[in-house]
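Open the model in your viewer and keep the selection panel at hand. The stops below tell you what to pick and what you will find there.

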Protein chains: 2
Amino acid sequence: MISQKSKYALKALAVLAREYGKGPMLISEIANQEKIPRTFLELILLELKNQGLLHSRKGRGGGYFLAKPPQSISVGQILRMTGGPLALLPCVSKTAYRRCEECHDERTCGIRLVMKEVRDATAKILDATTLADLVKRGQLAALGRDALEFSI
Amino acid sequence: MISQKSKYALKALAVLAREYGKGPMLISEIANQEKIPRTFLELILLELKNQGLLHSRKGRGGGYFLAKPPQSISVGQILRMTGGPLALLPCVSKTAYRRCEECHDERTCGIRLVMKEVRDATAKILDATTLADLVKRGQLAALGRDALEFSI
DNA sequence: AAATAGTCTAGTAAATCACTTGACTTAATC
DNA sequence: GATTAAGTCAAGTGATTTACTAGACTATTT
Ligand code: FES
Ligand code: FES
């Protein structure tokens with residue numbers, strides 16, 4: 001399971017992707033639209049900014065906006081930035097690798113091999129899906145169409 | 001990330017799969033082999049027994065053994081039994097479904113659609129991999145061969 | 001009867017999560 | 001240049017979950 005934090009980040013970024021190119025957006029506006037606790041969202045956006053994903057402007061007329069176009073930001077990236085390891089086990093995580101202390105030999109651990117397969121499949125999907133895709137899917141689904149069509 | 005509990009369960013069951021047909025095995029023997037805290041392992045095995053995956057015998061010469069052949073127990077099953085939800089979000093979990101309260105409409109939520117894709121890919125792998133596969137992979141890897149070969 | 005094993009109910013220390021508080025900085029506008 | 005509208009940042013906190021442990025009990029074999 002990913003954390004609320006990661007989920008909030010995805011939602012906030014999806015909103016900003018929808019508004020991309022229309023100037024900065026207020027934290028509180030995003031918070032209201034997506035029902036995210038405002039002060040918590042502040043933390044999250046700040047962190048994403050420090051990682052270079054967002055830019056911000058202070059003072060009146062300020063707010064947040066994407067640092068790059070939505071097509072160049074992947075869901076995988078976002079999850080990794082917000083601390084959500086994609087892997088099911090530490091020993092197969094690229095970003096949060098940690099040895100399994102109880103395992104005698106990592107190279108021959110059957111569990112690890114399977115979990116690595118899962119991790120790779122997960123990463124493939126999440127790294128291939130961009131914020132632009134996320135938004136588009138939502139819109140297509142809203143039109144009642146099959147949301148998978150476009151991904152072919 | 002799956003819990004230690006789930007990992008321990010997988011390891012213990014893998015051991016029991018290796019010894020399948022050779023009579024019961026002691027908790028303490030499994031615990032020693034896999035470096036699992038003994039009393040914690042007791043809890044885990046008991047739970048798996050109550051779910052029907054294991055049988056046990058008390059008294060001298062007793063211990064635990066698989067209730068079914070290793071080829072008929074999938075890794076996915078085990079993870080679900082030990083409380084590890086496969087999905088990255090509650091709204092796409094089959095076993096631990098919970099609505100996303102902040103999401104306006106589940107059907108058109110782009111995030112959910114992507115996460116569902118991930119869940120399905122994950123479940124496909126984990127439900128197709130049995131304890132027998134797990135053991136076999138470990139053995140093949142130990143021989144220095146490519147562990148993926150056999151799965152074709 | 002003695003020894004061997006699993007069963008079951010509690011409890012607990014540590015970590016993590018999901019936030020909140022409040023003081024501070026920067027920028028635009030009047 | 002004062003006011004107001006924003007983002008920034010460091011701490012703290014309450015609830016929950018995790019990863020166990022303790023200890024008394026039950027069943028089976030020798
Ligand atoms: S090395 Fe991580 S599970 Fe074995
Ligand atoms: S419904 Fe679960 S993320 Fe939107």
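**Stop 1**

Select helix H6 (residues 131–142) of chain A and helix H5 (residues 110–128) of chain B: their axes come within 7 Å and cross at roughly 105°. Axes here are lines fitted to C-alpha atoms, for helices over the stretch in contact, and angles run from 0 to 180 degrees between N-to-C directions. Helices (H or I, at least four residues) and strands (E, at least two) are DSSP runs, numbered from the N terminus. H6(A) and H5(B) are therefore roughly perpendicular to each other. On the angle scale, under 35 degrees is roughly parallel, over 145 roughly antiparallel, 65 to 115 roughly perpendicular, and the rest oblique.

Now show side chains. H6(A) brings A:Leu134, A:Arg137, A:Gly138 and A:Ala141 to the contact, and H5(B) brings B:Gly110, B:Ile111, B:Leu113, B:Val114 and B:Glu117. Contact means heavy atoms within 4.5 Å. By class, the contact of H6(A) with H5(B) has 5 nonpolar, 2 polar and 2 charged residues. Ala, Val, Leu, Ile, Met, Phe, Trp, Tyr, Cys and Pro count as nonpolar, Asp, Glu, Lys and Arg as charged, and the others, Gly among them, as polar.

**Before moving on**

This is a predicted model: local features need pLDDT of at least 70, side-chain atom pairs count only at pLDDT 80 or more, and totals for chains, interfaces and linings use all residues. Residues are numbered from 1 along each chain as its sequence is written, chains are lettered from A and ligands numbered from 1 in the order in which they are written, and side-chain values use heavy atoms, with hydrogens and water left out.

**Stop 2: chain A**

Along the sequence, the pattern of chain A is α-α-α-β-β-α-α-α. Its C-alpha atoms fill a box of roughly 60 × 35 × 25 Å, taken along the principal axes.

Zoom to helix H2 (residues 27–34) of chain A and H3(A). They pack at an angle of about 120°, with their axes 9 Å apart. That makes H2(A) oblique to H3(A). The crossing of H2(A) and H3(A) is right-handed. A crossing is left-handed if the near helix is turned anticlockwise from the far one by less than a right angle, and right-handed if clockwise. Which residues meet where H2(A) packs on H3(A)? A:Ile27, A:Ser28, A:Ile30 and A:Ala31 in H2(A) meet A:Arg38, A:Leu41, A:Glu42 and A:Leu45 in H3(A). This contact of H2(A) with H3(A) divides into 5 nonpolar, 1 polar and 2 charged residues.

**Stop 3: a helix pair in chain B**

Switch to chain B. H1(B) and helix H2 (residues 27–34) of chain B have axes 10 Å apart and pack at about 110°. That makes H1(B) roughly perpendicular to H2(B). The crossing of H1(B) and H2(B) is right-handed. B:Lys11, B:Ala12, B:Val15, B:Leu16 and B:Arg18 of H1(B) make the contact with B:Ile30, B:Gln33 and B:Glu34 of H2(B). The classes in the contact of H1(B) with H2(B) are 4 nonpolar, 1 polar and 3 charged.

**Stop 4: DNA strand C**

Of the 23 residues around DNA strand C, A:Tyr8, A:Thr39, B:Lys49, B:Ser56 and B:Tyr64 come nearest. Sugar and phosphate make up 76% of the atoms of DNA strand C within 4 Å of the protein.

- A:Tyr8: a side-chain N or O atom lies 2.9 Å from a phosphate oxygen of DNA strand C.
- A:Thr39: a side-chain N or O atom lies 2.8 Å from a phosphate oxygen of DNA strand C.
- B:Ile27: a backbone N or O atom lies 3.3 Å from a phosphate oxygen of DNA strand C.

The elements giving two or more residues to this surface are helix H1 (4–18) and helix H3 (38–50) of chain A, together with helix H3 (38–50), strand S1 (54–57) and strand S2 (63–66) of chain B.

**Stop 5: DNA strand D**

Move to DNA strand D. Of the 25 residues around DNA strand D, A:Lys49, A:Ser56, A:Tyr64, B:Tyr8 and B:Thr39 come nearest.

How values were computed
A residue is near a molecule or strand if one of its heavy atoms lies within 4 Å of it. A polar contact is a pair of N or O atoms within 3.5 Å; within protein, one must be able to donate a hydrogen and the other to accept it, and residues adjacent in sequence count only if both atoms are side-chain atoms.
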